[in-house]
Amino acid sequence: MKSRDLAVLRWLLREARPCWLHVVGILLLSLLATPLALLTPVPIQIAVDSAIGSEPLPAWLDGTLPATFARSPTSVLWLATGLLIGVALLNQLQAMATSVLSTYTAQKLVLRFRAMLFRHLQRLSLSYHDSRGTSDSAYRVQHDAIAVQSLMIDNFIPSVTASCTLLAMLYVCYQLDAQLASIALAVSPPILVLVRSYRPRMRREARRVKRFESASFSVVQEALGALRIVKAFGQEEREQKRFVDRSNESLKAQTRLALAEGSLGLFLGLVIAMGSAAVLYIGARNVRAGSLTLGELLLIMTYLAQLYSPLKTLGRKAASLQRHLASTERMFSIFDQAPDIIERTGARPIDRVKGALTLDGVSFAYDPGHPVLHDVSIEIPAGTRVGIAGETGAGKSTLMGLLIRFHDPSSGQILLDGVDLRDYKVTDLRSQFAIVLQDSVLFSTSIAENIAYARPDASEESIVRAAKDANAHDFIVRLPDGYNTQVGERGLRLSGGERQRIALARAFLVDAPILIMDEPTSAVDVKTEAGIMEAMERLMRGRTCCLTTHRLSTLATCDLLVVLEGGRLVDVRSDVTSAVQAIVAGGAPTHR
C-alpha cells in the first residue's frame with residue numbers, strides 16, 4: 001500500500017476516535033459470527049452420522065447427554081433439528097444487532113466528517129472557492145464523505161471478521177484432516193497476487209468515476225441556479241445535453257470499474273472453485289478408503305465453503321477499498337488546503353472600535369505576478385463617510401474585502417484604531433462591520449430570520465425597529481405571513497428593492513461601527529432608490545462608512561472621495577462636491 005494510502009488511513013482512524021467504542025462494539029458483534037459459523041454445519045453432521053448412520057455423537061456433546069438419549073436415533077434427530085433452529089435464531093439476532101449498531105455508527109461517522117469538511121471549506125479563502133467553484137466542494141461534502149462509512153464499517157470490520165473466521169476455519173479443518181486443509185489453503189497465494197495486480201487499475205478508474213460524477217453534479221447545480229437565464233434564452237436542451245455528456249463519461253468510467261471488479265471476481269471464483277474441486281476429489285477418495293466418514297466430509301466441505309467465503313470477502317473488499325480510498329483522497333485533499341486567513345496566537349479581542357482606518361502601502365494579488373492593488377495608502381478618521389470611485393476592475397471591491405479581512409494584503413498593512421487587522425480575533429474583527437452588497441444575499445428562511453442573521457437572539461421588537469429604519473416594515477406587513485414570509489432560495493420571491501431593504505434592515509440590527517456598502521443601489525429603479533437612499537442616510541450617521549457606487553449623487557454626500565485606477569490610488573479629495581462636479585462636466589479629478 002502506498003504511503004499516501006497509509007497517511008489517509010491514519011488520519012481517518014485518528015479523526016474517528018470519538019466513535020471507536022461503537023466500532024469496537026460492532027467488531028465484537030461481528031466476531032460472534034465466527035463461532036456461529038462453526039456451529040452451523042454441526043446439526044447436519046449429527047443428523048447424517050448419528051441419526052441416520054451409526055457413528056457416536058461428538059465427544060463434547062456425548063458427555064453432556066443421558067446415555068439412553070444419545071443411543072436413540074429419533075432423539076438424536078430431534079436434537080439435530082433443535083440445534084439447527086437454535087443456531088439459526090442466534091445468527092439472526094447477531095445479524096440484527098450488528099445491523100442496527102452499524103447503521104447508527106456509520107451515520108454518526110458520516111455526519112462528523114461532513115461537519116468537519118463543511119467547517120474547513122467555510123474557513124478557506126474566497127479565492128479558493130472562486131477558482132474551484134462550489135459544486136465540487138458540495139459534492140465532496142455530500143458524496144465523498146460517505147466513503148468514511150464504507151471504509152470503517154463496510155470494509156475494516158468485515159475484513160477483521162473475515163480474517164478471524166478464516167483462521168478459525170483453518171484450525172478446525174486441520175483438526176479434521178490436515179491434508180485437505182493444506183490443499184484448501186493453497187489457493188491463498190494466487191488470490192493475493194490477483195488482488196495486488198488489479199489494485200492500481202481499480203484505483204485509477206475509481207478516481208475517474210468521482211471526477212466525472214462531480215462534473216455532472218456541477219452542471220445540475222449551475223443550470224438550476226441560473227434557471228431564469230436558461231429559460232430566457234431557451235437553452236434547456238443545451239443544458240440537458242451538457243448533463244448527459246458529462247454523465248455518459250461517468251457511465252463509461254463506472255463500466256470500466258465494474259469490468260475490473262467483475263474480472264477480478266471471476267478469477268477469484270475460478271481459483272476458489274479449483275481449490276474446492278481438489279478437496280472434494282481427495283475427500284471422496286478418503287471416504288471410500290475409510291479414513292474419513294461421510295458426515296466428516298460434509299462437515300469439511302461446509303467449513304470449506306465458509307473458509308473460502310472470508311477469502312472472497314477479503315478479495316471483494318480489496319476491490320471496493322480502491323473506490324472508497326479514491327473518495328477519501330478527495331476529502332483528504334480539502335484538509336490539505338490551508339486557510340489564507342489564520343488567526344495569530346494571542347490575537348486580541350474587540351468590544352467596539354471607534355472606526356479609524358489606515359491603509360499603509362497596501363498591495364494585493366489574487367495570483368502571484370498579477371497584482372490587483374498597488375501601494376495604496378489612505379487615512380480614514382473615525383466617523384468619516386468615504387466614497388470610492390473608479391471604473392469596473394479598478395480594485396474597489398477587492399479593497400472592501402481587505403478591510404473585512406476576506407484576504408490579507410500581499411504587502412503593507414491595514415490598521416483599525418491603530419492596530420493591524422491581523423492582530424485582532426477574526427470573529428471579533430468582522431463583528432465590527434455591517435455589509436450591504438449590490439447583490440443582496442438572502443437565505444431560504446423567513447424575513448425575520450434574514451434580518452436577524454447576524455444576531456439570531458434578537459428580539460421581535462428589535463427586528464421590527466430595524467425594518468422600520470430600513471423603510472422595509474410597510475411592505476413586509478402587507479405580505480400574507482408578514483415577518484414569517486419565506487423568501488425562497490436567495491430571496492427570489494421578493495423584488496430587488498425589497499431584498500435590498502431587508503439587507504439594510506440586517507445592517508441596522510447589527511449596529512456595527514463600520515459600514516461597508518458596495519453598489520447598494522445599482523440594481524433598483526429611481527423610485528425605489530429614493531427610499532433606500534433615505535434609509536442609507538440614517539444608517540451611515542455616526543459610523544465610518546466606505547461606499548462604492550456609480551451614482552454620483554450618492555458620492556456627493558461623502559466626506560472623502562478616493563479614486564482608484566488600475567489598482568492604483570490616483571486621487572484623494574476632501575472637497576467631494578467640486579470633484580463630483582468635475583466628473584459630471586467630463587473632467588477628471590486632480591491627481592495627488
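**Entry 1: ground rules**

Two strands pair if DSSP finds at least two bridges between them. I also noted that helices (H or I, at least four residues) and strands (E, at least two) are DSSP runs, numbered from the N terminus. My model is a predicted one, where local features need pLDDT of at least 70, side-chain atom pairs count only at pLDDT 80 or more, and totals for chains, interfaces and linings use all residues. Residues are numbered from 1 along each chain as its sequence is written, and side-chain values use heavy atoms, leaving out hydrogens and water.

**Entry 2: strand E1 and its partners**

I began with strand E1, residues 357-367, and strand E4, residues 411-416, which pair in the antiparallel sense over five bridges. In this pair, I found Asp 360 opposite Gln 413 in E4.

Then I looked at E1 with strand E2 (residues 370-380): they run antiparallel and are joined by seven bridges. Here Asp 367 stands opposite His 370 in E2. What lies between E1 and E2? I found a hairpin with two residues between the strands, and Gly 369 in the turn has a positive phi of about 90°.

**Entry 3: the whole chain**

I stepped back and found 24 helices and ten strands in the protein chain. Why is the chain more spread out than a compact globule? Its radius of gyration is 36 Å, well over the 25 Å that the globule rule gives for 592 residues, so the chain counts as more spread out. (This radius is taken over C-alpha atoms, and the rule is 2.2 Å times the number of residues to the power 0.38.) Along the principal axes, the C-alpha atoms fill a box of roughly 115 × 55 × 50 Å.

Next I checked burial, where buried means under 20% relative accessible area, exposed over 50%, and partly exposed in between (1.4 Å probe, protein chains only). By that cut-off, buried residues make up 46% of the 592 residues.

I looked up contacts too (heavy atoms within 4.5 Å). Of those with a separation of 6 or more, 76% come from residues 24 or more positions apart.

Is helix H4 (residues 42-52) mostly covered or mostly open? H4 is mostly covered, with eight of its eleven residues buried. Among them are Val 42, Pro 43, Ile 46 and Ala 47.

In helix H19 (residues 460-469), I listed Ser 462, Ile 463, Val 464, Ala 466 and Ala 467 as the buried residues. Their cover includes helix H18 (447-451), helix H20 (473-478) and helix H21 (496-510). Just after H19, I spotted Asn 471 with a positive phi of about 55°.

Is Thr 398 buried or exposed? Thr 398 is buried, with a relative accessible area of 8%. I found Thr 398 in helix H16 (residues 396-403). Leaving aside neighbours within four places in sequence, Thr 398 is in contact with Phe 364, Tyr 366, Val 372 and Leu 373.

My other threonine was Thr 134, in helix H9 (residues 134-144). Thr 134 is exposed, with a relative accessible area of 52%. Not counting residues up to four places away in sequence, Thr 134 touches His 129 and Gln 221. I also looked up Glu 222: Thr 134 and Glu 222 are 88 residues apart in sequence and 9.5 Å apart in space, C-alpha to C-alpha.
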